[in-house]
Amino acid sequence: MALHVALPPGSALRIASSAIVKIDEQHANPRAAYLEMNTGWPSAAQLKELEAASAATEESLKVAAGGMHVELTMPPNAAYTVLLHLES
């Protein structure tokens with residue numbers, strides 16, 4: 001999938017920064033962490049690890065002067081959010 005964001009010429013807005021948040025097998029996946037623990041019922045410390053494994057984090061994306069272009073490959077059952085921080 002390709003995402004292209006172009007601001008109109010002469011626009012007062014600009015993309016100050018951008019990021020992507022991913023939920024897939026490698027990101028925000030407490031199930032994978034739980035299976036790796038190989039335990040019946042997690043301990044209090046393991047529950048904290050699972051909570052940390054479920055957190056979605058932002059990864060910065062590169063922004064060009066007039067906009068941005070991103071090529072993404074999303075695996076099945078994934079959800080991605082692209083965040084654009086605009087300023088004038």
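**Contacts, core and surface**

Author: A polar side-chain atom of Gln 46 lies 2.8 Å from the backbone nitrogen of Ser 43; a polar contact is a pair of N or O atoms within 3.5 Å, where within protein one must be able to donate a hydrogen and the other to accept it, and residues adjacent in sequence count only if both atoms are side-chain atoms. This is a predicted model, in which local features need pLDDT of at least 70 and side-chain atom pairs count only at pLDDT 80 or more, while totals for chains, interfaces and linings use all residues. Residues are numbered from 1 along each chain as its sequence is written, and side-chain values use heavy atoms, with hydrogens and water left out.

Reader: Where is Gln 46 found, and which residues does Gln 46 touch?

Author: Gln 46 belongs to helix H2, residues 44-53 (helices, H or I of at least four residues, and strands, E of at least two, are DSSP runs numbered from the N terminus). Leaving aside residues up to four places away in sequence, Gln 46 touches Met 37, Thr 39 and Trp 41, contact meaning heavy atoms within 4.5 Å.

Reader: Turning to charges, how many salt bridges does a search of the whole structure find?

Author: The search finds two, a salt bridge being a side-chain nitrogen of Lys or Arg within 4 Å of a carboxyl oxygen of Asp or Glu. Arg 14 pairs with Glu 87, with the closest N and O atoms 2.7 Å apart. That pair links distant parts of the chain, since Arg 14 is in strand S2 (residues 14-23) and Glu 87 in strand S5, 73 residues apart. Glu 59 pairs with Lys 22, with the closest N and O atoms 3.9 Å apart. Here too distant parts of the chain are linked: Glu 59 is in strand S3 (residues 58-61) and Lys 22 in strand S2, 37 residues apart.

Reader: Is Lys 22 buried or exposed?

Author: Lys 22 counts as buried because its relative accessibility is 19%, and buried means under 20% relative accessible area, exposed over 50% and partly exposed in between (1.4 Å probe, protein chains only).

Reader: What makes up the largest nonpolar core?

Author: Nine residues do: Val 5, Ile 15, Ile 20, Leu 61, Met 68, Val 70, Leu 72, Ala 78 and Tyr 80. Strand S2 and strand S4 (67-71) are the elements that give two or more residues to this core. A nonpolar core is a set of buried Ala, Val, Leu, Ile, Met, Phe, Trp, Tyr and Cys residues joined through side-chain atoms within 4.5 Å.

Reader: And which residues does Leu 3 touch?

Author: Not counting residues up to four places away in sequence, Leu 3 touches Met 68, His 69, Val 70 and Val 82. Leu 3 lies in strand S1 (residues 2-6) and is partly exposed, as its relative accessible area is 26%.

Reader: One last topic: which residues other than glycine have a positive phi?

Author: Asn 38 has a phi near 55 degrees, and Asn 77 has one of about 65 degrees. Most residues other than glycine have a negative phi. Asn 38 sits in the loop between helix H1 (30-37) and H2, and Asn 77 in the loop between S4 and S5. Asn 38 counts as exposed because its relative accessibility is 72%; Asn 77 counts as exposed at 83%.
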